[in-house]
Structure formats: structure tokens, C-alpha cells
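Welcome! Take a look at the structure below, and then let us walk through it together in questions and answers.

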Amino acid sequence: MHCLLKPTISFFCGVFILNMVMSHSLVPLFFFMMLLVQTMSRGTGITWHDARATFYGDASGAETMQGACGYGDLFQQGYGLATTALSTALFNNGLTCGACFQIKCVNDPQWCIKRAKPIIVTATNYCPPNYTKTVDIWCNPPQKHFDLSYKMFTSIAYYKAGVIPVKYRRVPCVKRGGVRFELNGNPYFLLVLVYNVAGAGDVTHVSIRGSKTGWINMSHNWGQNWDVNMNLVGQGLSFRVTTSNGVSLGFHGVVPSNWKFGQTYKSTRNF
Ligand SMILES: *[C@@H]1O[C@H](CO)[C@@H](O)[C@H](O)[C@H]1NC(C)=O
Ligand SMILES: *[C@@H]1O[C@H](CO)[C@@H](O)[C@H](O)[C@H]1NC(C)=O
């Protein structure tokens with residue numbers, strides 16, 4: 001039932017609807033409409049929006065590591081080179097970090113690679129505005145801009161293009177394995193990086209519970225780092241994570257009581 005989310009098999013969705021109409025039953029149609037509404041409310045599928053794209057770094061992708069979302073080694077963390085930095089208009093102060101976008105090169109016959117498959121990238125960095133510049137100010141508000149990895153840019157356009165017009169839309173993130181939690185900070189300040197998030201991908205709310213506490217709302221710190229001013233050393237930790245589409249998932253006891261700062265704890269669940 002994920003046909004809406006995968007344009008390549010939309011033909012089958014068409015057949016699916018036709019079958020339902022021909023079956024003279026409104027019940028499946030009703031559920032299909034529910035799915036449609038749900039999908040659209042997630043901001044995924046259907047509508048393409050206009051933006052522009054450039055690239056940063058080289059084929060190695062070294063310059064795309066770390067960055068303003070708080071992720072580290074993108075290969076180790078599962079994002080690889082399928083990543084983008086977002087301009088202010090898309091970044092939402094870091095809350096869009098982790099979201100996935102499908103992007104295609106459009107209206108530039110000279111530089112778009114003909115019949116290139118649209119790319120899917122995860123937002124892992126920020127393309128900051130530069131107000132002292134007067135040219136190439138792609139990342140300044142209110143412009144929607146994707147600063148792609150070299151590999152992703154050159155999958156849809158020739159690198160000599162420099163900058164291309166694109167169309168984009170949000171798509172669900174597909175990740176391997178469960179959501180992961182990297183714990184940093186000190187006994188008075190716990191900073192948790194939440195990553196490898198599937199589904200909507202962008203986390204908008206995190207609560208934490210120690211084995212001796214109730215649920216505590218964490219504060220958005222930077223990128224996808226969430227914090228709490230509390231000493232939870234020696235307690236097992238659970239998390240409740242909510243993504244931008246309003247879906248919440250609990251990660252009960254994902255961190256054992258002997259946890260250490262600097263360590264990553266992997267859950268087996270994902271959105
Ligand atoms: C902003 O643009 C100016 C002018 O091109 C340049 O000198 C400066 O290095 C840029 N600043 C940053 C932070 O990239
Ligand atoms: C925690 O966050 C939830 C969801 O945003 C909110 O409904 C609740 O009031 C918050 N609780 C506290 C104690 O701030």
C-alpha cells in the first residue's frame with residue numbers, strides 16, 4: 001500500500017483504483033482516500049516544488065561529513081553520499097535534518113542529464129546565507145536551495161553546470177536497521193543525537209525516561225541533537241521520538257544502565 005510514495009509504480013496504483021471502482025465497493029475506495037490524505041499530510045508524494053541545486057566537496061564526499069545537523073561519519077551512520085545541505089528556507093533551524101527529498105534536474109537541456117533517474121537524498125547539513133556576496137547567493141533567504149554532494153549532483157547534471165534548476169518533493173526515508181542514539185555531554189547535561197530515522201526522517205520532539213524518572217521532554221539543541229539538564233548516569237534510558245508527520249515511536253530501555261558518554265546505542269525499531 002505504499003504505491004503513492006513510489007512514482008515508478010504509480011501505474012499499478014491506477015490499476016488498483018480502477019479495480020476498486022469496478023468492484024462497486026466504496027469501502028476499499030474509502031481506505032484508499034484515507035491513505036491519500038495521510039500521505040499528503042506527511043508532505044510526501046504528488047506535488048513537486050521548484051528550487052535550485054549546486055554541489056559542495058568532491059567525489060570523495062569528505063567535505064559533506066559532520067555538518068550542521070550533528071551527524072558525524074555519514075558512511076558509518078548509513079547516509080553515505082546520498083546527502084544534501086539545505087538553505088535557510090528549507091532548514092527550519094535544523095529540524096528538517098534527516099528529512100528525505102527526491103530531486104530531479106529540470107528545464108536545462110544543456111546541463112541536465114537526459115533521462116537521469118531522480119535522486120533521493122537525506123538532509124544532513126546547512127547551506128548558510130552569505131549577505132556580503134552579491135552573486136551566487138543561492139542559499140540566501142527566501143530561496144529554496146539544495147547544496148548536494150558531488151556524487152548526487154553529477155547523477156542528474158553535468159558538474160560544469162555549477163547550478164541547476166530542480167524540482168523536489170519530500171519522500172519517506174528508507175533506512176537500514178533501527179533508530180540510533182548517540183549520547184554526549186557530561187553528568188549535568190545530556191546531549192543526544194538521534195539518527196538513522198526512517199519514515200518522515202525529521203525528528204520534531206524527543207522525550208527521555210530514566211529508569212528512576214518519569215518522562216521528560218528534551219529540548220532541541222542543534223541539528224538533530226536534543227538535550228536535558230539532568231544527571232541520568234547509571235540509569236537505563238528510554239526514548240519517545242516524534243517525527244514531523246506526528247508519528248511517535250517508543251524505544252523502551254534502548255540504553256542500558258552502564259551507558260557511557262560518546263557511545264551510540266542502536267535500537268531495533270524504526271518508523
Ligand atoms: C561571503 O562572501 C564573501 C564575498 O564573496 C567572501 O569573501 C566570504 O568569504 C564569504 N563568507 C563565507 C563565510 O563564506
Ligand atoms: C512535553 O511535550 C508534549 C508534546 O509537545 C506536551 O504536550 C507536554 O505538555 C510537554 N510536557 C511538559 C512537562 O512540558
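Two strands pair if DSSP finds at least two bridges between them, and helices (H or I, at least four residues) and strands (E, at least two) are DSSP runs numbered from the N terminus. This is a predicted model, in which local features need pLDDT of at least 70, side-chain atom pairs count only at pLDDT 80 or more, and totals for chains, interfaces and linings use all residues. Residues are numbered from 1 along each chain as its sequence is written, while chains are lettered from A and ligands numbered from 1 in the order in which they are written.

Q: How many helices and strands does the protein chain have?
A: The protein chain has 271 residues, and buried ones make up 35% of them. A residue counts as buried if 20 or more other C-beta atoms lie within 10 Å of its own, as exposed if 12 or fewer do, and as partly exposed in between; C-beta atoms are placed from the backbone. The elements found in the chain are 4 helices and 15 strands.

Q: How many bridges join β7 to β8?
A: Strand β7 covers residues 180-186 and runs antiparallel to β8. The two form a hairpin with 2 residues between them, and Asn186 stands opposite Phe189 in β8. The number of bridges joining β7 to β8 is 7.

Q: Which residue in β12 is the bridge partner of Val192?
A: Strand β12 (residues 225-228) is joined to β8 by 4 bridges, and the two run antiparallel. In β12, the partner of Val192 is Trp226.

Q: Why is strand β8 largely enclosed by the rest of the structure?
A: Strand β8 spans residues 189-195. It is largely enclosed because its buried residues number 5 of the 7.

Q: Which residues touch the most other members of the largest nonpolar core?
A: A nonpolar core is a set of buried Ala, Val, Leu, Ile, Met, Phe, Trp, Tyr and Cys residues joined through C-beta atoms within 7 Å. The largest one has 60 residues, and the members touching the most others are Ile103, Val194 and Val206.

Q: Between which domains does this core lie?
A: Strand β8 gives the most to the core, with 5 residues. Domain bounds come from an automatic or database domain assignment. Both of the following give residues to the core, so it lies between them: domain 2 (49-171) and domain 3 (180-266).

Q: Which residues is Val194 in contact with, leaving aside its neighbours within four places in sequence?
A: Two residues are in contact if their C-beta atoms, placed from the backbone, lie within 7 Å. For Val194, the list is Val179, Phe181, Val203, Val206, Gln224, Trp226 and Val241.

Q: In what order do the strands of the closed barrel run?
A: The barrel has 6 strands with mixed pairing. One of its pairs is β1 (residues 49-56) with β5 (residues 145-149), parallel over 5 bridges, where Phe55 has Leu148 as its bridge partner. The order is β1-β5-β2-β4-β3-β6.

Q: Which strands stand at the edges of the open sheet?
A: This antiparallel sheet has 4 strands in the order β10-β9-β13-β14. Each edge strand has a single partner, so one side of each is left without a neighbour in the sheet; these strands are β10 (215-217) and β14 (248-255).

Q: Which residue in the turn between β11 and β12 has a positive phi?
A: Strand β11 (residues 219-222) pairs with β12 in the antiparallel sense over 3 bridges. They form a hairpin with 2 residues between them, and the residue with a positive phi of about 55° is Gly223.
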